[in-house]
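Hi,

My notes on helix packing follow below it.

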Amino acid sequence: DCVALLGSGADTERPCASERDEERVGEHRLRRLPEEAQNRIDHVKGEDGGTELNLYRLLRGCTTEVLRKVAESLQDLQHLTSLGLQGNALGGSGAVAVAEALGRLTRLEELSLADNALGKSGAVQMVEPLKHLTHLHSLYLHGNAFGESGAIPVAEALEGLTRLEELSLHGNALGEAGAVRVAEALQKLTRLRALRWASGSRHGGC
């Protein structure tokens, strides 16, 4: 194995040159991700009537400061009807950064916040923005581990999204109280035709 020891008799290990080179490549790649995301945003801005933006896994590893800058750019895209932010591991702090921008994208018809590890704090941050997105017909929230206490405020936001036709909520550990509250909200979504509630399950005509 390629390992160098630091100091006399030290147990601390240091990666060899090839491993350090690998790390530098990884750091460079991470630095470029925000640029790639910004380029994609700028491309949509430059399109006449462009309505779709997918930042799938382009923000993973970004600092909160970078996320804020991306969120500021999103606010200018009020014509968007489709936005994909899935797979970026935003967490609670990332949710804070993008929440305000989302609330202004009132023309959105499709939104994915899936697989972002939002947790309870992220779920709470997203409640108010979601309430403003009344044109949504597809919403993907799976893989965020809201937990029972996070699911309850999310359910409150869902109640007003009466145009929803497709919704995914699996992978959120809703708990008994959370599941009951979400089920109550779903009763008001009379247009819902596809619901993914648990991993591997998909129900129509809900």
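On helix 2, the face turned away from the buried side carries two exposed residues, Glu65 and Glu72. Exposed means over 50% relative accessible area, buried under 20%, and partly exposed in between (1.4 Å probe, protein chains only). The buried residues of helix 2 are Leu67, Val70, Ala71, Ser73 and Leu74. Seen down the helix axis, they fall within an arc of 155°, so they line one face. The arc is taken over directions from the helix axis to the C-beta atoms.

Some ground rules. This is a predicted model: local features need pLDDT of at least 70, side-chain atom pairs count only at pLDDT 80 or more, and totals for chains, interfaces and linings use all residues. Numbering starts from 1 along each chain as its sequence is written, and side-chain values use heavy atoms, leaving out hydrogens and water.

Next, the packing. Helix 2 (residues 64-74) and helix 3 have axes 8 Å apart, at an angle of about 15°. They are therefore roughly parallel (angles under 35 degrees). Their crossing is right-handed, meaning that the near helix is turned clockwise from the far one by less than a right angle. Thr64, Leu67, Arg68, Ala71 and Leu74 of helix 2 meet Ser93, Gly94, Ala97, Val98 and Ala101 of helix 3; contact means heavy atoms within 4.5 Å.

Helix 3 (residues 91-104) also packs on helix 4 (residues 119-131): the axes come within 9 Å and cross at roughly 5°. That makes this pair roughly parallel.

Best wishes

Notes. Axes are lines fitted to C-alpha atoms, for helices over the stretch in contact, and angles run from 0 to 180 degrees between N-to-C directions. Helices (H or I, at least four residues) and strands (E, at least two) are DSSP runs, numbered from the N terminus. Angles under 35 degrees count as roughly parallel, over 145 as roughly antiparallel, 65 to 115 as roughly perpendicular and the rest as oblique.
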